[in-house]
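Thanks for making time, everyone. Let me put the structure up on the screen, and then I'll walk you through a few parts of it.

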Amino acid sequence: MSTRYEVLERQTERAAVKAHHSQALINGLAPDPREWEWDGTVTDAGPGAATAPDGPRCACGHPIRFVFPLTRSRDGATSRVGSTCITHYADIDPATTQAKQNKLAALQEEMKKREKQARQATEQAEVNAYRAEHERLYDLAEERYSWYAKRGIHAPRKLWEVARSNYYHVARVCCKKYVRAKSYVKWYKVQSELLREALREDEKVRSRGMGY
Ligand SMILES: [Zn+2]
């Protein structure tokens, strides 16, 4: 199953290919493909023509095997198209194509914006998860430290270091102003690890029956 976004993505891609092709034909039959007339004849350049490096080319730039000659009566100019472009070159209106291209550009811009928003949301969710875990550890360490403090007992050294000393500067909330989400994640990872270490040490002390 495709999401609406994936459908939009495919539509945009197809429209981009079409617009690119129409523009190539407009460029080849400039300024207006509708001015050109086919004389009703066709020449077969042979089976290898479409793959030959010096074989005939359509006005759109594609190598072709079947050559449909075109002429422009107002100045006698000549050109040619292949079996694909012969079916639609006369319907290509440069103004409409331009309008389509503008629409397409807007669509592509919109997609880029949506991609960016989705990426930012994912990153924000990741930061939030790290922050929630960090706050949990911070509160736990604080609770453990207070337990010792209330009883006038020295807390295990690492617990004291994260809870009261300025040595590690462990804070509950990151007060840094980072631009990238990655930097916040890194900050929380480092700080949470300090808290985990302190809580592990406290766990050991308690398991030896000290403290409690
Ligand atoms: Zn063509």
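**A walk through the model**

Let's begin with Ile-26, which counts as buried because 20 C-beta neighbours lie inside 10 Å. Before I go on, a word on the cut-offs: a residue is buried if 20 or more other C-beta atoms lie within 10 Å of its own, exposed if 12 or fewer, and partly exposed in between, with the C-beta atoms placed from the backbone.

Two bits of housekeeping. This is a predicted model, so local features need pLDDT of at least 70 and side-chain atom pairs count only at pLDDT 80 or more, while totals for chains, interfaces and linings use all residues. Residues are numbered from 1 along each chain as its sequence is written.

Back to Ile-26, then, which you'll find in helix H1. When I say helix or strand, I mean DSSP runs numbered from the N terminus: helices are H or I with at least four residues, strands are E with at least two. Leaving out residues up to four places away in sequence, Ile-26 touches Pro-33, Ile-92, Pro-94 and Thr-97. Touching, or being in contact, is having C-beta atoms, placed from the backbone, within 7 Å. Then there's Cys-60: Ile-26 and Cys-60 are 34 residues apart in sequence, and their C-alpha atoms are 7.7 Å apart in space.

Now look at the other end of H1. Is Arg-4 buried or exposed? Arg-4 lies in helix H1 too, and with 7 C-beta neighbours inside 10 Å it counts as exposed.

Ala-30 and Pro-31 are joined by a cis peptide bond, with omega about -5°. Pro-31 sits in the loop between H1 and strand E1 (37–38).

On to the cores. A nonpolar core here is a set of buried Ala, Val, Leu, Ile, Met, Phe, Trp, Tyr and Cys residues joined through C-beta atoms within 7 Å. The largest one has 14 residues, and those touching the most other members are Leu-25, Leu-29, Cys-58, Ala-59, Val-81, Cys-85 and Tyr-89. Helix H1 (4–28) and strand E3 (66–72) each put in at least two residues, and E3 gives the largest share of this core, three residues. As background, nonpolar side chains tend to be buried together in soluble globular proteins.

Which residues does Val-81 contact, leaving aside neighbours within four places in sequence? They are Cys-58, Ala-59, Phe-68, Leu-70, Ile-86 and Tyr-89. There's also a second, separate core of nine residues, including Leu-137, Ala-155, Ala-163 and Ala-198.

Next, the helix packing. H2 (residues 94–150) and H4 (residues 181–207) pack at an angle of about 25°, with their axes 9 Å apart. That makes H2 roughly parallel to H4. The axes are lines fitted to C-alpha atoms, for helices over the stretch in contact, and angles run from 0 to 180 degrees between N-to-C directions. Under 35 degrees counts as roughly parallel, over 145 as roughly antiparallel, 65 to 115 as roughly perpendicular, and the rest as oblique. H2 passes H4 in a left-handed crossing; left-handed is when the near helix is turned anticlockwise from the far one by less than a right angle, right-handed when clockwise.

H1 and H2 pack as well, at about 145° with axes 10 Å apart, and their crossing is left-handed. From H1, the contact includes Tyr-5, Leu-8 and Ile-26, and from H2 it includes Pro-94, Thr-97 and Met-111. By class, that contact has 10 nonpolar, six polar and three charged residues. For the classes, Ala, Val, Leu, Ile, Met, Phe, Trp, Tyr, Cys and Pro are nonpolar, Asp, Glu, Lys and Arg are charged, and the others, Gly among them, are polar.

One last stop. Tyr-168 is in the loop between helix H3 (157–163) and H4, and it counts as partly exposed, with 16 C-beta neighbours inside 10 Å. Outside the four places either way in sequence, Tyr-168 touches Glu-161, Val-162 and Leu-194.

Methods: Contact = placed C-beta atoms within 7 Å.
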